[in-house]
Amino acid sequence: MTHNAQPSASLFIDGRFVEGEGAALPVLYPYTGEEIASLREASANQVALACQSAARAQPEWAAMTPADRGRVLSRAAAIIRDRNEDLSRLETLDTGKPIQETIVADWASGAAALEYFGGLAATVTGQMIPLGRAWAYTRREALGVCAGIGAWNYPSQIACWKAAPALAMGNAMVFKPSEETPLGALKLAEILVEAGAPPGIFNVVQGRGQVGAALVTDPRVAKVSLTGSVPTGRRVYAAAAEGMRHVTMELGGKSPLIVFDDASLDDAVGAAILANFYSSGQICSNGTRVFLQRGIAARFLDRLAERLAQVRIGDPLDPDTQFGPIINPTQAGKIRAAIAAGRDAGARLVCGGAGEGAFIPPTVFADATDAMAITSDEIFGPVMTTLTFTDEAEAVTRANATGFGLAAGVFTQDITRAHRVVAALEAGTCWINAYNLTPVEMPFGGVKMSGLGRENGTAAIEHYSQLKTVYVGMGAVEAPY
């Protein structure tokens, strides 16, 4: 069976589809490797035109009432919900993720973000500061043109997570999806125009690294928001800093999930599955270092292997499929190399392994040490490394012994210990007796090498706006001469 996902054109600039002038950009379905669309990259001139379009449209958009901007976002959310089935199928073709995932976790999450920030727009206010006879006030204002750079694991969700707060605050955005998954952002651009967004408020340019570099360094860009790897984040952050641009960096992780002896076994195992194997393990916040207190370790591994033996791997468009392929052969090769290195280092393979073709099954290692590469390096695939510990202090110290700091989780029935441990963990997003749940109402982001700034929640407003302070003199001006 062949699948055709060809868009009207490769780019979306100033409210319309435009064909790219750069190199060819084939879009491959990860399950079969077939070409489902053929796009072209944006030329340097087209990146500049997209930024120019955004800069031209942004002042008028910012001058609208926040409630009117919010209505556009809310209408876009409603359109997405109405078309969720078709959009989710496109997301599955683009990413290879099972349709049972994409129909609940991708565009649905994007719609929630648009709806949330659409409702929040009219509530953002300043502060009045009394100063005796004089007074001051603050205004929260748009930054201008924001550049968004997406990742391939949640392409449409990421586009919405970045567009929603940016547009709610009166900014315009030029968005570059990952070259691996370029299709969803084009749909979002089309939907926003249909919902009433003026032309130029959300533009899409396609391409590889050089297109991203041209976007980040365009003089009209005031803010850069990236979701990606730490090496990419370093480069983009440095380029953005040259122009004193605002930045949000949501980068990689090697997050710890700590399971104490008193944890609910099935709940902890279920969370570890969500923390390692959802989206075939291709999630930045995954808790891939699972620290097991010695009293629960054997039972945990037995129950985990038992549940993983039931996973249904196969055609992502089959509603019964629970686990899909890796995004591309290159990434699959990196994951297989990591698995081989883990075995060579002496870790015990509990289940899984190299797999075949586009599929790598859920893979669990035991008897690992902190010094092994499978423990310290982000693999970005379905590979869980389990380690054992004796007491709380040891678990916290070892959990923090990493340059990453995106996420962390704790499972225990001792609520005092739970709060004590998450307070000590060096991570931007933590879960207690849960994992990888990221409702739009909750800020999300990392510390240390895992990034800076926050997405979602009211915290995102601060990262897509700037504060202006106004002093109002109410009397005569006194000067010394």
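How many helices and strands does the secondary structure of the chain come to? The chain comes to 16 helices and 20 strands, where helices (H or I, at least four residues) and strands (E, at least two) are DSSP runs numbered from the N terminus. This is a predicted model, in which local features need pLDDT of at least 70 and side-chain atom pairs count only at pLDDT 80 or more, while totals for chains, interfaces and linings use all residues. Residues are numbered from 1 along each chain as its sequence is written, and side-chain values use heavy atoms, with hydrogens and water left out.

**View 1. Dimensions of the chain.** The C-alpha trace spans about 75 × 60 × 40 Å along its principal axes. For 481 residues, a compact globule would have a radius of gyration near 23 Å, and the chain agrees because its own value is 23 Å; this radius is taken over C-alpha atoms, and the globule rule is 2.2 Å times the number of residues to the power 0.38.

**View 2. Burial in the chain.** Of the 481 residues, 56% are buried, meaning under 20% relative accessible area (1.4 Å probe, protein chains only).

**View 3. Helix H3 and the residue that follows.** Helix H3 covers residues 84–95, and its 12 residues should span 16 Å at 1.5 Å a residue, which agrees with the 16 Å between its end C-alpha atoms; the expected span is 1.5 Å times one less than the number of residues. Because 9 of these 12 residues are buried, H3 is largely enclosed by the rest of the structure; among the buried residues are Asn84, Leu87, Leu90 and Asp94. H3 is followed by Gly96, which has a positive phi near 85°.

Note on methods. Buried < 20%, exposed > 50% of the residue type's maximum accessible area, 1.4 Å probe, protein only.
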